[in-house]
Amino acid sequence: MRQRIISFLSSFTAPPAAAKDRTPFSWADFSPVPLSHGADGLRLRTLVGLRWLAILGQSVMIAVVALGFGHELNLWPCLAMIAASLWLNLLLMFNDRRQRLNDWDAALQLSFDCVQLAALLAVTGGLDNPFCLMLIAPATVAAANLPTRYGFGVVAVAVLATCAMAFWSLPLPWPEGQAFHLPQIYRLGFLAAIIIGIVFTAGYTWQAALESKRMAQALAATQAVLEKEHRLSALGGLAAAAAHELGTPLGTIQVVAREMLRSLKPGTALYEDAELLVSQSQRCRDILKNLARRPETRDQVHDQLPLRVFFEEAVQPFRNEGKAIHIEISMDEVPDGEDPGQYVSIKRRPEWLHALGAFVENAVDFARSAVWVRVRIRKAYVTLSIEDDGPGFAPDILSRVGDPYISTRGNDSRPETSMHGGMGLGFFIAKTLLEHTGASVTYGNRDTGGAYVRALWRREQIDVIVSRDFGGDIAPLSRD
């Protein structure tokens with residue numbers, strides 16, 4: 001009986017699993033899904049709208065050439081080509097209810113646009129027609145919005161359609177009794193220019209779209225970092241709410257236990273059990289009363305802590321990887337011989353904690369034997385420097401460090417003891433987090449070997465608080 005009562009009461013006082021078993025922070029938690037253009041699909045309305053613009057433009061040009069200039073034109077083949085696009089648009093508008101197209105359907109429609117435009121150009125002069133340049137448009141749309149295999153499939157269709165015009169085309173519409181013929185060498189040059197234009201423009205657009213998606217995913221991962229920390233911080237509020245809700249049933253248990261105690265004779269087994277129940281329920285009420293304190297009172301120690309304790313908390317997960325981590329803190333206001341890390345406090349912001357952890361992780365990953373975390377607190381500014389004695393940044397990627405998905409500093413010189421992945425998304429997130437707090441982040445290679453990452457803040461941006469009068473006898477801060 002007594003053991004059952006103790007087990008029941010201990011369930012109220014056990015800490016939440018999320019708070020008790022909190023795992024060390026890892027950038028792998030925020031690894032994005034593989035990049036893929038057109039993951040959400042092109043909107044049907046977008047393609048239909050672009051095709052309406054093409055139909056309008058083609059119709060206007062046919063009317064201008066045939067009626068405005070009076071040139072001889074193969075009118076019925078031209079109208080048939082335009083009618084094919086018109087028929088497809090009407091079919092999609094009235095029979096297709098999808099908001100977004102899958103990649104295969106979008107590629108088929110863009111390939112149709114390439115073939116339709118090439119056929120219209122072929123009956124109006126082929127490569128002699130300056131509007132051959134318009135073949136770049138559907139290929140560019142495909143490269144920007146579709147996965148690589150589908151996008152470059154449309155590009156291949158556009159190139160083949162252009163080449164087909166070199167073998168067959170009708171004469172360019174011209175005034176009656178006259179003819180226009182370009183030299184064959186010029187036609188071949190124009191063909192090469194169109195093909196190069198299609199391939200280059202599509203490739204450039206594909207690369208730009210890929211970088212944009214990478215940046216969007218990296219920024220989303222940055223937001224996920226902050227959201228994770230905010231969820232953990234919200235556990236305090238949940239604990240206060242649980243304390244409020246559990247107060248009433250615990251009070252009822254205590255009242256019933258006291259009534260049982262009065263009705264039992266002292267010295268009996270049931271009397272001892274009831275006495276234990278009363279004392280333990282009172283203990284639970286005291287614990288819940290502490291949890292229900294005001295958030296500002298409860299979080300004061302958690303949100304503001306000594307500077308050295310802050311850095312020790314950030315580097316602690318990497319202490320057991322065989323690399324020495326040295327923390328050096330200096331401050332103008334601190335006399336020689338004093339440790340400012342114990343007498344200066346800092347606000348515990350998740351951006352600083354996660355960014356520092358990411359930079360230290362990369363430094364430990366590539367260091368040979370030691371990593372230095374150096375903090376300099378001056379009257380006007382604060383600097384944070386993370387340095388290692390490893391091979392440093394590879395020259396070929398030094399100019400790109402800080403961009404998302406830079407995978408490593410150089411695999412050839414990477415130590416065999418390295419435990420983590422190369423710098424990529426984690427470095428970008430850390431840099432973005434620090435810049436969000438107002439820091440200016442720089443990086444490079446040390447003259448004595450190894451790499452460094454340095455962040456600079458104005459003094460008022462970093463919430464450094466001198467918590468001791470160095471001329472007095474005030475004891476240093478502690479987490480207790």
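Residues with under 20% relative accessible area are called buried here, those over 50% exposed, and those in between partly exposed. Keep those cut-offs at hand for the tour. The model on screen is predicted.

**Stop 1**

Select Arg319 and show its side chain. Its relative accessible area is 27%, so Arg319 is partly exposed. Side chains of opposite charge can pair when their charged atoms come close.

**Stop 2: helices H13 and H15**

Next, colour helix H13, residues 307–315, and helix H15, residues 350–366. How do the two axes cross? They come within 8 Å of each other, at roughly 55°. H13 and H15 are therefore oblique to each other. The crossing is right-handed.

Stay on H15 and pick Trp352, which is found in this helix. Is Trp352 buried or exposed? Its relative accessible area is 4%, so Trp352 is buried. Then click Phe310. The C-alpha atoms of Trp352 and Phe310 lie 9.6 Å apart, although 42 residues separate the two in sequence.

**Stop 3: a salt-bridge network**

Select Glu328, Arg374, Arg376, Glu387 and Arg446 together. Salt bridges link these five residues into a network. The structure as a whole holds 9 salt bridges.

Arg446 and Glu387 meet through their side chains at 3.1 Å, N to O. This pair joins distant parts of the chain, 59 residues apart. Arg446 sits in the loop between strand S6 (440–445) and strand S7 (451–458). Glu387 belongs to strand S5, residues 381–388. What is the relative accessible area of Glu387? The value is 10%, so Glu387 counts as buried.

**Stop 4: Lys379**

Move to the loop between strand S4 (370–377) and S5, where Lys379 lies. Show its surface. Lys379 is exposed, at 65% relative accessible area. The separation is 6.8 Å, for residues 80 apart along the chain.

**Stop 5**

Select helix H9, residues 235–263, and display Arg262 and Glu259. Their side chains meet in a salt bridge of 2.9 Å, N to O. Why are the two about one helical turn apart? Because they are 3 residues apart in H9. How open is each partner? Arg262 is exposed, with 61% relative accessible area. Glu259 is partly exposed, with 47%.

Go on to helix H10, residues 269–291, and pick Lys289. Lys289 has a relative accessible area of 59%, so this residue is exposed.

**Stop 5: helices H5 and H7**

Hide the side chains and show helix H5 (residues 103–122) with helix H7 (residues 148–167). The axes are 9 Å apart, and the packing angle is about 15°. That angle makes H5 roughly parallel to H7. H5 passes H7 in a right-handed crossing.

**Stop 6**

**Stop 7: a nonpolar surface patch**

Keep H3 in view; the helix covers residues 44–68 and includes Leu56. Leu56 is exposed, with a relative accessible area of 53%. Which residues make up the patch around it? Select Leu56, Val60, Met61, Val64, Phe69, Phe131 and Met134.

Note on methods. Residues numbered from 1 in each chain as written. Predicted model: local features only at pLDDT ≥ 70, side-chain atom pairs only at ≥ 80, totals over all residues. Heavy atoms only, no water. Patch = residues over 30% accessible without salt bridge, like charges linked within 9 Å, V, L, I, M, F, W, Y side chains within 5 Å. Areas by Shrake-Rupley, 256 points an atom, 1.4 Å probe, with all protein chains shown as cover. Salt bridge = Lys/Arg side-chain N within 4 Å of Asp/Glu carboxyl O. Helix = DSSP H or I, 4+ residues; strand = E, 2+ residues; numbered from the N terminus. Buried < 20%, exposed > 50% of the residue type's maximum accessible area, 1.4 Å probe, protein only. Axes fitted to C-alpha atoms, helices over the stretch in contact; angles between N-to-C directions. Parallel < 35°, antiparallel > 145°, perpendicular 65-115°, else oblique. Left-handed = near helix turned anticlockwise from the far one by under 90°.
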